[in-house]
Amino acid sequence: MTRTSDLAAAKACLTGLCGAEAPVLAAVSGGLDSMCLLHLLATWGRERNLNVAAAHFNHQLRGAESDRDERFVRDWCGAHEIPFVSGRGDVRALAARKRMSLEEAAREARYAFLNQQKTALGCRCVLTAHHADDNAETMLLNLLRGTGLRGLTGIPPEREDLLRPFLQVTRQELADYAGAHDVPYVEDSTNQMDDAARNVLRHQVLPVLRQLNPRAVENMSRAAELLRQDEEALDAAAERLLEKAEISPGQEAILPLDALVGQAEAVTGRAVRQLLSRVCGHRKDLTAAHVRDVLELKQGQLSLPYGVTVYRERDDLRFRRDPALPEERSLLPGETADFGDWRITLTAEPEQAGLAFSFPQEAALSVTVWHPRDRLNGRTVKRLCVDRGLSPEERDRLPVLRVNGQAAAAPGLGLDENFAPDRHETAARVIFYKDRGENV
């Protein structure tokens, strides 16, 4: 049987939501965990005027089995008069497009759907059925990856309007609850495969830990809560340190060096990480190594992800984020393309101004930023920019005209002889404009 104390903790999380007119939105996959959550909301919750709607996202990763899960949840909700919404997305295509793992892509697509439906249905919050075993697995995964304190706090019990009322309930307790209340559910066949790290931990590692201590999962949950309190205290200390900084989110920040004097590295490291995330608008990919490099910077500058550069000045550390670089643009004769501060016109009219060149028939023409391998007439674009006194910032936004991917011309740097006017059958002129003035 389930232990009353743990279920009471889950219900305590839900009690504050009872009696409100706005419903809560339960994320329901159809598996054991989420069906227990939906059942609890539909019984105990309804008795306390807790209105619920259910949302199911079909990841389209398991073919007919994915469609079966969606039907199962829809039918159960229909039988119990629970409002139901569903969505689906091509997770494999999303993963390929964004170069993410399937797990990451599935999570992004699922939460985007849940947030959209929460707003559309006027729900107070989203509830998920993550439980203590999920939390233990996450802690172990993060530990294997070399996490800091934040990773050892596991899954947060709440984040803005996302709540996880089962986080102190074990998987076995949920299985007992389902058995005691005849809660139906479907099995995800991929959960039985040890082809993912989380499944290996679930099937092979956690059973060993329970042999050593039957309450291993519960103890890890308690440890995660204690570590979360430590993390919050250190974050608060870092925030107090940052009161001495000048911050323009998404652009620039200046941190006086004397603010770091006498502070523990656990605090200064958090302050630098928080400062970096505010300047670049991201936290992912900002590693402990990046933070250490900033703290150890004695002179010069340091390049970091998301176009952030850190400068060591006499009295300050200055963090600056470069604007996003222009994206590649294709060009056809007669077209004009915007490229950052530049406008590039391609014309076949011989009397027009501009740089005359030629290219093979059917060749693909495009404009991009420079690449370290680019050369014009045997000299690197980087060296040509240095010779002409262009700063790295100006160089990085310089448009490079390409023919079948090969650098052909750039404003102020000239034309590569391989695309001279008499070399190929198709003649054209390219005109580079900047700030509304003709440049080349």
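A residue counts as buried when its relative accessible area is under 20%. With that cut-off in mind, and remembering that this is a predicted model, begin by selecting Cys125, which counts as buried because its relative accessibility is 3%.

Stay with the cysteines for a moment. A disulfide is a covalent bond between the sulfur atoms of two cysteines. The structure holds zero disulfides, and Cys125 accordingly takes part in none, the nearest cysteine sulfur being that of Cys123, 8.1 Å away. Next select Cys77, which is likewise in no disulfide and has the sulfur of Cys123 as its nearest cysteine sulfur, at 12 Å. Is Cys77 buried or exposed? Its relative accessibility is 0%, so Cys77 counts as buried.

Now move to Val126, which you will find in strand S4, residues 126-127. Val126 has a relative accessibility of 2% and therefore counts as buried. To see what surrounds Val126, select Leu25, Leu114, Lys118, Asp161, Leu162 and Leu163, which are in contact with Val126 when its neighbours within four places in sequence are left aside.

The next stop is a pair of helices. Two packed helices are described by the angle between their axes and the distance between the axes. Select helix H4, residues 91-98, together with helix H5, residues 102-121, whose axes come within 8 Å and cross at roughly 110°. Angles of 65 to 115 degrees count as roughly perpendicular, so H4 and H5 are roughly perpendicular to each other, and H4 passes H5 in a right-handed crossing. At the contact, Val91, Arg92, Leu94, Ala95 and Lys98 of H4 meet Leu102, Ala105, Ala106, Glu108 and Ala109 of H5. By class, this contact of H4 with H5 has seven nonpolar and three charged residues, with no polar ones.

Finish with helix H10, residues 216-242, and helix H11, residues 265-280, whose axes come within 8 Å and cross at roughly 70°. That angle makes H10 roughly perpendicular to H11, and H10 passes H11 in a right-handed crossing. Which residues of the two helices meet here? On the H10 side they are Glu231, Leu234, Asp235, Ala237, Ala238, Glu239, Leu241 and Leu242, and on the H11 side Ala266, Val267, Thr268, Arg270, Ala271, Gln274, Leu275 and Arg278. Colouring the contact of H10 with H11 by class will show nine nonpolar, two polar and five charged residues.

Note on methods. Residues numbered from 1 in each chain as written. Predicted model: local features only at pLDDT ≥ 70, side-chain atom pairs only at ≥ 80, totals over all residues. Heavy atoms only, no water. Axes fitted to C-alpha atoms, helices over the stretch in contact; angles between N-to-C directions. Helix = DSSP H or I, 4+ residues; strand = E, 2+ residues; numbered from the N terminus. Parallel < 35°, antiparallel > 145°, perpendicular 65-115°, else oblique. Left-handed = near helix turned anticlockwise from the far one by under 90°. Contact = heavy atoms within 4.5 Å. Nonpolar A, V, L, I, M, F, W, Y, C, P; charged D, E, K, R; others polar. Disulfide = S-S within 2.5 Å. Buried < 20%, exposed > 50% of the residue type's maximum accessible area, 1.4 Å probe, protein only.
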